[in-house]
Amino acid sequence: MLDKELFSAIVKEKEERGYYNLPFKDTTAFKEYAATVKQNNVVVIGIGGSTLGTYAIYQFLKHSKELTKELFFLETTDPIDIQSKMKNIDVEDTLFIVISKSGTTLETVALFKYVNSLVKCDKHNTVVITENDSKLNTYAQANGMKMFEIPKNVGGRFSVLSAVGLLPLAIVGIDIDTLLRGAKNVHDSFFEESDLEQNDDSLSIKKRVLKKARFFAEYKNSFNINVVFSYSSRLEGFNKWYIQLWGESLGKLDINSTHQGLTPVGIIGPVDQHSFLQLIIEGRRDKTVTFIKVNDFHCDLSVPDITLKGLEELDYINNIKFSSLINEQADATIEAICSLNDIPCDVMNIDDISEYSIAGLMYEYELLTSLTAKLLQINCYNQPGVESGKKILKEKLLKGQ
């Protein structure tokens with residue numbers, strides 16, 4: 001499939017898959033509702049695509065913004081996790097946001113039942129985000145609860161720029177309009193540029209994403225492990241979101257019933273320079289590496305200009321900004337890997353710690369996922385492997401009654 005054909009296929013798919021157009025979503029209803037919320041705590045009850053994208057954005061921004069409320073996530077049936085989170089939350093001062101696209105997600109309903117045992121969930125402290133015809137919406141209507149819709153043509157792991165992410169983020173004080181502008185910038189650069197025939201050395205977003213998707217597909221058997229090496233602890237949530245997006249979208253049977261899949265790995269620099277980096281440099285040549293760097297952390301914290309007895313030889317780090325230090329560490333690691341000439345490696349730079357930057361990054365990865373799926377000849381929007389496990393679990397639980 002030529003680049004022009006691949007691009008045309010995505011343009012056609014854009015008419016059917018709703019995530020492509022989410023950057024143009026009207027945010028009025030979310031902001032109006034957010035302005036009415038009096039509670040100081042917001043708890044999102046959901047799992048997978050219902051929480052990971054929102055958590056990625058919240059974790060990226062929360063230490064750099066003066067947010068008005070605190071956001072928590074109930075997303076696992078681990079009893080210790082549930083207890084430890086809930087004991088630190090004043091449930092009488094909490095808005096609960098229940099998110100399930102299908103409306104019958106077992107983990108979400110189990111968690112919602114538990115919350116109902118702690119506090120009466122009603123229209124004053126609970127809002128629902130689901131499909132319009134789900135049983136969860138029926139429940140919300142019967143109890144007078146506010147409901148925001150997840151469009152049927154937007155899959156859970158592609159839903160962060162829908163009500164799933166925009167509502168809770170708006171409530172805690174994140175600028176969701178700037179968030180959408182960041183994604184729209186990537187959308188416009190990809191869909192409106194007509195530069196596929198140009199032979200210049202610079203790579204536009206369109207060329208960059210097409211080139212990357214093609215490499216992943218063409219070298220899927222040689223390099224089937226794709227490592228995202230993020231040089232900021234603020235991107236740990238993004239890494240988790242990427243792992244779900246990549247794994248659940250691309251691990252499929254293709255049109256010939258052949259097993260396909262590219263294994264995602266998300267690591268954090270410089271911490272994982274002392275662990276996974278060794279595997280990358282001297283381990284098997286089955287991995288690609290994408291480095292993500294933050295150009296401006298908006299933080300002037302520096303190494304103090306002091307001498308520690310016995311450690312005088314390290315005084316050369318004095319007065320260096322930590323933001324400069326972490327990027328120098330990234331550059332040194334990138335140089336070390338590139339010098340080997342047998343590990344596919346690329347670098348993505350995001351401008352700063354902002355709504356605009358994180359949304360652009362996430363939208364570009366969604367595009368990359370869709371393009372790679374087209375080349376692998378798979379449907380990246382379903383998850384039959386997950387559904388089979390859900391069916392088995394339901395049967396086991398019913399038998400145990």
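Student: What does buried mean here?

Tutor: Buried means under 20% relative accessible area, exposed means over 50%, and partly exposed lies in between, using a 1.4 Å probe and protein chains only. This is a predicted model, where local features need pLDDT of at least 70, side-chain atom pairs count only at pLDDT 80 or more, and totals for chains, interfaces and linings use all residues. Residues are numbered from 1 along each chain as its sequence is written, and side-chain values use heavy atoms, with hydrogens and water left out.

Student: Which residues of helix 7 are buried?

Tutor: They are Ala-163, Val-164, Gly-165, Leu-166, Leu-167, Pro-168, Leu-169, Ala-170, Ile-171 and Val-172. That is 10 of the 10 residues in helix 7. Helices are DSSP runs of H or I with at least four residues, numbered from the N terminus.

Student: What comes just after helix 7?

Tutor: Gly-173, with a positive phi of about 110 degrees.

Student: New topic. How many disulfides are there?

Tutor: The search of the whole structure finds 0. A disulfide is a pair of cysteine sulfur atoms within 2.5 Å.

Student: Which side chains make a polar contact with the side chain of Ser-357?

Tutor: Asp-352 does, at 2.8 Å, and so does Ser-354, at 3.2 Å. A polar contact is a pair of N or O atoms within 3.5 Å; within protein, one must be able to donate a hydrogen and the other to accept it, and residues adjacent in sequence count only if both atoms are side-chain atoms.

Note on methods
Helix = DSSP H or I, 4+ residues; strand = E, 2+ residues; numbered from the N terminus.
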